[in-house]
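Trainee: I have a new model open and would like to learn how to read it. Could we go through it together, one feature at a time?

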Amino acid sequence: MSTHKRVLLLHGPNLQLLGRREPEIYGTTTLDQINEMLRARAADSAIDLIAFQSNHEGDLVDKIGEHFGNIDGVLINPAAYTHTSVAIRDALSALNVPVIEIHLSNVAARESFRHHSFVAPIAVGVIAGFGVNSYRLALDAMIGLLSDGSPH
Ligand code: DQA
């Protein structure tokens, strides 16, 4: 049996366009590059990373539900669903594993409709505003959580 931990890396709507979409806000790194970078970093810590992107709320809910009981943590950039989706929040909450919310941009410094997150209250923490490094920092935080249970 593998001793590897398993972490789900979820990307919400429009993130398939990363690298081309509003690069002044979201940078020039593509989603594939982010997934690859994180997969390699996770593997160094004996973590299997399962990446998934969807533009559809129900598909994200389905994917989260599929991992009930067989995942150790979730890294998620819910994108626009951050600000709208009770369903994604409830699905994540049901898993009962650490969740870290990620944003490339500093959502707090943007339009007021981006200031509220349905996911943040059930997350261990939120990392926003560091571009691609938000993902790296979130993975490092997850590695810490999975090794000693501490968010620090
Ligand atoms: C985002 C911020 C959201 O407000 C927005 O809808 C996105 C991307 C980010 O990573 O900065 O699509 O989650």
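This is a predicted model: local features need pLDDT of at least 70, side-chain atom pairs count only at pLDDT 80 or more; totals for chains, interfaces and linings use all residues.

Trainee: Where is Ala46 placed?

Mentor: Ala46 sits in the loop between helix H2 (31–44) and strand S2 (47–53). Look at its backbone too: phi of Ala46 is near 60°, a positive value in a residue other than glycine.

Trainee: Which value does phi take in Asn96?

Mentor: Phi of Asn96 is also positive, near 60°, and this residue is not a glycine either. Asn96 belongs to the loop between H4 and S4.

Trainee: Is Asn96 buried or exposed?

Mentor: Asn96 is exposed, because its relative accessible area is 71% and the cut-off for that class is over 50%.

Trainee: Let us turn to the sheet. How do I read the pairing of strands?

Mentor: Strands of a sheet pair through backbone hydrogen bonds, and the pairing is either parallel or antiparallel. In this model five strands form an open sheet with parallel pairing, in the order S2-S1-S3-S4-S5. The edge strands are S2 and S5 (125–128), each of which pairs on one side only. From one strand to the next, the twist averages 20°.

Trainee: How many bridges join S1 to S2?

Mentor: Seven bridges join S1 to S2, and the two run parallel. As a landmark, Lys5 stands opposite Ile47 in S2.

Trainee: How do I judge whether a strand is enclosed?

Mentor: Start from this idea: in a regular strand the side chains alternate between the two faces of the sheet. Then check each face of S3: Gly73, Leu75 and Asn77 are buried on one side, and Val74 and Ile76 are buried on the other. Five of the five residues of S3 (residues 73–77) are buried, so the strand is largely enclosed by the rest of the structure. S1 is largely enclosed as well, because five of its seven residues are buried.

Trainee: Which helices cover the sheet?

Mentor: H2 packs on the sheet, where it touches S1, S2 and S3. The direction of H2 makes about 165° with that of S2. Helix H5 (residues 132–148) lies across S1, S2, S3, S4 and S5, running at about 170° to S4.

Trainee: What unit do S3, H4 and S4 make?

Mentor: Together, S3, helix H4 (residues 86–95) and S4 make a right-handed β-α-β unit.

Trainee: Last topic: how is the packing of two helices described?

Mentor: Two packed helices are described by the angle between their axes and the distance between the axes. Here helix H3 (residues 57–66) and H4 pack at an angle of about 5°, with their axes 9 Å apart. That angle makes H3 roughly parallel to H4.

Trainee: Which residues make the contact?

Mentor: From H3 they are Glu57, Leu60, Val61 and Ile64, and from H4 they are Ala87, Ile88, Ala91, Leu92 and Leu95. By type, the residues of this contact divide into eight nonpolar, no polar and one charged.

Notes:
Residues are numbered from 1 along each chain as its sequence is written. Side-chain values use heavy atoms; hydrogens and water are left out. Buried means under 20% relative accessible area, exposed over 50%, partly exposed in between (1.4 Å probe, protein chains only). Helices (H or I, at least four residues) and strands (E, at least two) are DSSP runs, numbered from the N terminus. A crossover is right-handed if, with the strands pointing away from the viewer, the path from the first strand over the helix to the second runs clockwise. Axes are lines fitted to C-alpha atoms, for helices over the stretch in contact, and angles run from 0 to 180 degrees between N-to-C directions. Angles under 35 degrees count as roughly parallel, over 145 as roughly antiparallel, 65 to 115 as roughly perpendicular and the rest as oblique. Contact means heavy atoms within 4.5 Å. Ala, Val, Leu, Ile, Met, Phe, Trp, Tyr, Cys and Pro count as nonpolar, Asp, Glu, Lys and Arg as charged, and the others, Gly among them, as polar. Two strands pair if DSSP finds at least two bridges between them.
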